[in-house]
Amino acid sequence: MVKPGARLVSSNLVGVDRRRRIVEETLHLKEIDGRLRRKLRLRSLLLPQERLPGAVCSLVDSRQWSGSYYHWFLDCLPRLIAAEHHSQRHGEPTRLIVPANLNRWQAQSLNLLAIPTERLISHRSVGRGGLRVERLIAFVAHRWQRLGGAPFDAASPWAIRWLIDQLSAAVPPSGDSAPRRLYLSRRGVATRQVANEEAVMALLKPHGFAAIRSEQLSLSEQIALFREATHIVAPHGASLTNLLHMRQGSVLELFQEGHGVRPDFFQLAMINQLDYHHALCPSSGPEMHCVIPTQVIEDFLALTL
């Protein structure tokens, strides 16, 4: 979608077109309060703080969640589909508004997708009048299919497949020494750790499982590792975003009581035709550290090995 002369207003860069209509594709919420809509429209009437020539696409998440590994890959990067389509069709490189301080894996993902740094615009304060964009390139977040009545969390297999193919093509095959059975540890994360991780690994290690902490690996290393994996056991968390790259095998996702059971990684598993299993584990305290019943691990092993 191309919106000539649109504004990007508020700190979250919500689009407003020349007819003062909200550009819904720049939102991640199916509905926003009517008062907020009016406020955003009114801001688009003010003098713009800055004008951006050419075609521009914003990768900034309207909920400010783009710093999350999951939301960057599943909500933000799919917007590149529209940006790249416009560039190819019109021969005009689309510039991208990105978070002001790109973290390591965000920068690595843009590098793997062959996005040159000269196309990046650092997100900054835009003032009350926002930014006026000569051509705003917008693409509906794949998890919000507003015209089809799908639930908010419904994922688009087509958008996911595009992202998988683009990233995978940039990463060479891993060596034969890489482990194929993985346990994804949350030991380095403040919340939702596995309190009995040693007991869990005592069951998994004899079957060839290796414990890994995804945050210690580069993005290319994660893609190569998951692409060859055959078994994944993991507490619910961002590391499971790497199911994007898994091509075969079985997954056991362990949810923590109090945090909720969500369909996000189930959908990724179904898109990649994986054998998916899950269990709800007791947790305690504000950090929601959980204890995984050993029977859950034993049942998974019996079913999948």
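In which loop is Leu 13 found? Select Leu 13: the residue is in the loop between strand E1 (2-9) and strand E2 (14-16). Helices (H or I, at least four residues) and strands (E, at least two) are DSSP runs, numbered from the N terminus. This is a predicted model, in which local features need pLDDT of at least 70 and side-chain atom pairs count only at pLDDT 80 or more, while totals for chains, interfaces and linings use all residues. Residues are numbered from 1 along each chain as its sequence is written, and side-chain values use heavy atoms, with hydrogens and water left out.

Stay on Leu 13 and check its backbone. Its phi is near 55 degrees, a positive value in a residue other than glycine. Most residues other than glycine have a negative phi. Leu 13 is buried, with a relative accessible area of 2%. Buried means under 20% relative accessible area, exposed means over 50%, and partly exposed lies in between (1.4 Å probe, protein chains only).

**The whole chain**

Zoom out. The protein chain has nine helices and 14 strands. Its C-alpha atoms fill a box of roughly 65 × 40 × 35 Å, taken along the principal axes. The radius of gyration of the protein chain is 21 Å, which agrees with the value near 19 Å that a compact globule of 305 residues would have. That radius is taken over C-alpha atoms, and the globule rule is 2.2 Å times the number of residues to the power 0.38. Of the 305 residues in the protein chain, 53% are buried. Among contacts between residues at least 6 apart in sequence, 71% join residues at least 24 apart. Contact means heavy atoms within 4.5 Å.

**Leu 27**

Select Leu 27, in the loop between strand E3 (22-23) and helix H1 (34-43). Leu 27 counts as buried because its relative accessibility is 4%.

**Helix H4 and its two partners**

Two packed helices are described by the angle between their axes and the distance between the axes. Axes are lines fitted to C-alpha atoms, for helices over the stretch in contact, and angles run from 0 to 180 degrees between N-to-C directions.

Select helix H2 (residues 69-76) and helix H4 (residues 104-112). They pack at an angle of about 30 degrees, with their axes 10 Å apart. H2 and H4 are therefore roughly parallel to each other. Angles under 35 degrees count as roughly parallel, over 145 as roughly antiparallel, 65 to 115 as roughly perpendicular and the rest as oblique. Show side chains: Tyr 69, Trp 72 and Phe 73 in H2 meet Trp 105, Gln 106, Ser 109 and Leu 110 in H4.

On the H4 side, Trp 105, Gln 108, Ser 109 and Leu 112 meet Leu 219, Ser 220 and Ile 223 in H7.

**Helices H6 and H9**

Move to helix H6 (residues 197-204) and helix H9 (residues 294-304), whose axes come within 10 Å and cross at roughly 20 degrees. That makes H6 roughly parallel to H9. The contact is made by Val 200, Leu 203 and Leu 204 of H6 and by Thr 294, Ile 297, Glu 298 and Leu 301 of H9.

Select Arg 192, in the loop between strand E8 (181-184) and H6. At 11% relative accessibility, Arg 192 counts as buried. Which residues surround it? Leaving aside neighbours within four places in sequence, Arg 192 is in contact with Arg 186, Pro 235, His 236, Gly 237, Gln 256, His 259, Glu 287, Met 288 and His 289.

Follow that list to Met 288, which lies in the loop between strand E13 (283-284) and strand E14 (289-290). The phi of Met 288 is near 55 degrees, a positive value in a residue other than glycine.

Finish at Glu 257, in the loop between strand E11 (250-256) and helix H8 (264-271). Glu 257 is partly exposed, with a relative accessible area of 37%. Not counting residues up to four places away in sequence, Glu 257 touches Leu 280, Cys 281, Pro 282, Ser 283 and Met 288.
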